[in-house]
Amino acid sequence: QGGAGGNEEGEDEEEEEEEDEEGEVEGEPAEQGPEILTSLASDEPIGTQEAWTLRTASALLRTGPLLVSSNRWPGAHAVTFGNKFANLYIGDGTKRLAEPFAPVLPPVPSTEYVDAENVLVEQLDPTVEQEDELEKKRKEAEEAAKREAAGNEEGGDEEGGEDEEGEEEGDGEGEDEEEEDA
């Protein structure tokens, strides 16, 4: 019994939520229109133009079909003849505004940076050969620094130097220790 009652309450809550969601889009209030079956004359004009345009199908026959076109919603038309009518909308879903839409202009772009004291000078990227030469010099400098560090260790402690050299040749752990000490 409790399960059946819970389902009915859950369905009622879902229906209420759906009704709430139909009227509004998140962040925007629902648009309110005029009451149903109000006179076309009560619609607000668009600038200097009336909200609706009425035309007969023929200038000679005053009893013929009548076309009613919305000036607020371009593309919305209604045709009536006697007690029959048809509605048609062919448009892009945007209202006609009294004033044309004019977006705000973007801000003026910033000028390029100018260094008054030191004029910036562009430099060319090095060639592959120049990069290889610099890499070779860097490796030579590293090797010289390692040799110098190894020479300092050997000169300061002769017994420890032999053990460390054995470690360097065996598993390479001595190199890591030397770099950490430096």
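**Reading the model step by step**

Analyst: Let us begin with burial. Buried residues make up 7% of the 182 residues in the protein chain. The model is a predicted one, and a residue is called buried when its relative accessible area is under 20%.

User: How many helices and strands does the protein chain have, and in what order do the elements run?

Analyst: The chain holds 4 helices and 4 strands. Read from the N terminus, the order is α-β-β-β-β-α-α-α.

User: What is the accessible surface of the protein chain, and what share of it belongs to carbon and sulfur atoms?

Analyst: The accessible surface is about 16900 Å², and carbon and sulfur atoms contribute 51% of it. A further overall value concerns contacts: of those with a separation of 6 or more, 18% join residues 24 or more positions apart.

User: I would now turn to charged side chains. How many salt bridges does a search of the whole structure find?

Analyst: For a salt bridge, one looks for a side-chain nitrogen of Lys or Arg within 4 Å of a carboxyl oxygen of Asp or Glu. The search of this structure finds 3. One of them joins K137 to E133, with the closest N and O atoms 3.5 Å apart.

User: How are K137 and E133 placed relative to one another in helix 2?

Analyst: They are 4 residues apart in helix 2, so about one helical turn separates them. As for accessibility, K137 counts as partly exposed because its relative value is 49%, and E133 also counts as partly exposed, at 47%.

User: Which residues are linked in a network of salt bridges?

Analyst: The network links E135, R138 and E142. The side chains of E135 and R138 meet at 2.3 Å, N to O, while R138 and E142 have their closest N and O atoms 2.4 Å apart.

User: Which residues form the negative surface patch?

Analyst: In reading such a patch, one considers residues with over 30% relative accessible area and no salt bridge. Here, D125, E129, E131 and D132 form it. D125 is placed in the loop between strand 4 (84–89) and helix 2 (128–156). Because its relative accessibility is 69%, D125 counts as exposed.

User: Finally, which residue has a positive phi although it is not a glycine?

Analyst: The general idea comes first: most residues other than glycine have a negative phi. L37, in contrast, has a positive phi of about 60°.

User: Where does L37 lie, and is L37 buried or exposed?

Analyst: L37 is found in the loop between helix 1 (2–23) and strand 1 (52–56). With a relative accessible area of 83%, L37 is exposed.

How values were computed. Residues are numbered from 1 along each chain as its sequence is written. This is a predicted model: local features need pLDDT of at least 70, side-chain atom pairs count only at pLDDT 80 or more; totals for chains, interfaces and linings use all residues. Side-chain values use heavy atoms; hydrogens and water are left out. Helices (H or I, at least four residues) and strands (E, at least two) are DSSP runs, numbered from the N terminus. Buried means under 20% relative accessible area, exposed over 50%, partly exposed in between (1.4 Å probe, protein chains only). Contact means heavy atoms within 4.5 Å. Accessible areas come from the Shrake-Rupley method with a 1.4 Å probe; for residues, only the protein chains shown count as cover. Patches are made of residues with over 30% relative accessible area and no salt bridge: like charges are joined within 9 Å, nonpolar side chains (Val, Leu, Ile, Met, Phe, Trp, Tyr) within 5 Å. Lys and Arg count as positive and Asp and Glu as negative; His and the chain ends are not counted. The place of a charge is taken as NZ of Lys, CZ of Arg, CG of Asp or CD of Glu.
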